[in-house]
Amino acid sequence: MNAIYSIVEMREYGRVSIHVREVMERKGITRNKLSVLTGTRFEVIDRFYKGKVERIDADVLARICFALGCQAGDIVKYEKN
């Protein structure tokens, strides 16, 4: 593995950001409605909405994508520094 791409060596490796709010606003869906559609607790949806997710549960992400009719890449973005 090339050292330049190693997280151990590279200090500014970028960040992952969550963009559920933007997709929800385009679709006109509230946090409460998305919670009901996905069968997910409101608090979990609220964290996605606010972009405060520390660990992404793939099942929850799949349910959100299904309910919003979008792809995971519409919600989760990698921003390289």
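Tutor: Let us begin with D59, whose relative accessible area is 45%, and keep in mind throughout that the model is a predicted one.

Student: Why is D59 called partly exposed?

Tutor: The label exposed needs over 50% and the label buried needs under 20%, so D59, at 45% relative accessibility, counts as partly exposed. R63, at 27%, counts as partly exposed because its value also lies in between.

Student: What makes the pair D59 and R63 a salt bridge?

Tutor: The side chains of D59 and R63 meet at 2.9 Å, N to O, and the cut-off is 4 Å between a side-chain nitrogen of Lys or Arg and a carboxyl oxygen of Asp or Glu, so the pair qualifies as a salt bridge. Both residues lie in helix α4, 4 residues apart, about one turn of the helix. An α-helix has 3.6 residues a turn, so residues three or four places apart point the same way.

Student: How do you know that D46 is buried?

Tutor: D46, which is found in helix α3 (residues 42-50), has a relative accessible area of 14%, and since buried means under 20%, D46 is therefore buried. The buried residues of α3 are V44, I45, D46, F48 and Y49, and what covers them includes β1, α1, α2 and α4.

Student: Which residues are linked with D46 in a network of salt bridges?

Tutor: The network links R31, D46 and K50. For K50 and D46 the closest N and O atoms are 3.1 Å apart, which falls within the 4 Å cut-off, and the two residues are separated by about one helical turn because they are 4 residues apart in helix α3. K50 itself counts as partly exposed, at 46% relative accessibility.

Student: Why is S17 called buried, and what does S17 touch?

Tutor: S17 lies in strand β1 (residues 15-18) and is called buried because its relative accessible area is 6%, where the limit is under 20%. Not counting residues up to four places away in sequence, S17 touches I75, V76, K77 and E79. S17 and K77 are 60 residues apart in sequence, yet 5.3 Å apart in space, C-alpha to C-alpha. With E79, the side chain of S17 makes a polar contact of 2.8 Å.

Student: How do you know that E79 also forms a salt bridge with R15?

Tutor: The closest N and O atoms of E79 and R15 are 3.4 Å apart, and that value is within 4 Å. This pair links distant parts of the chain, with E79 in strand β2 and R15 in strand β1, 64 residues apart.

Key:
Residues numbered from 1 in each chain as written. Predicted model: local features only at pLDDT ≥ 70, side-chain atom pairs only at ≥ 80, totals over all residues. Heavy atoms only, no water. Buried < 20%, exposed > 50% of the residue type's maximum accessible area, 1.4 Å probe, protein only. Contact = heavy atoms within 4.5 Å. Polar contact = N/O pair within 3.5 Å; in protein donor to acceptor, adjacent residues only side chain to side chain.
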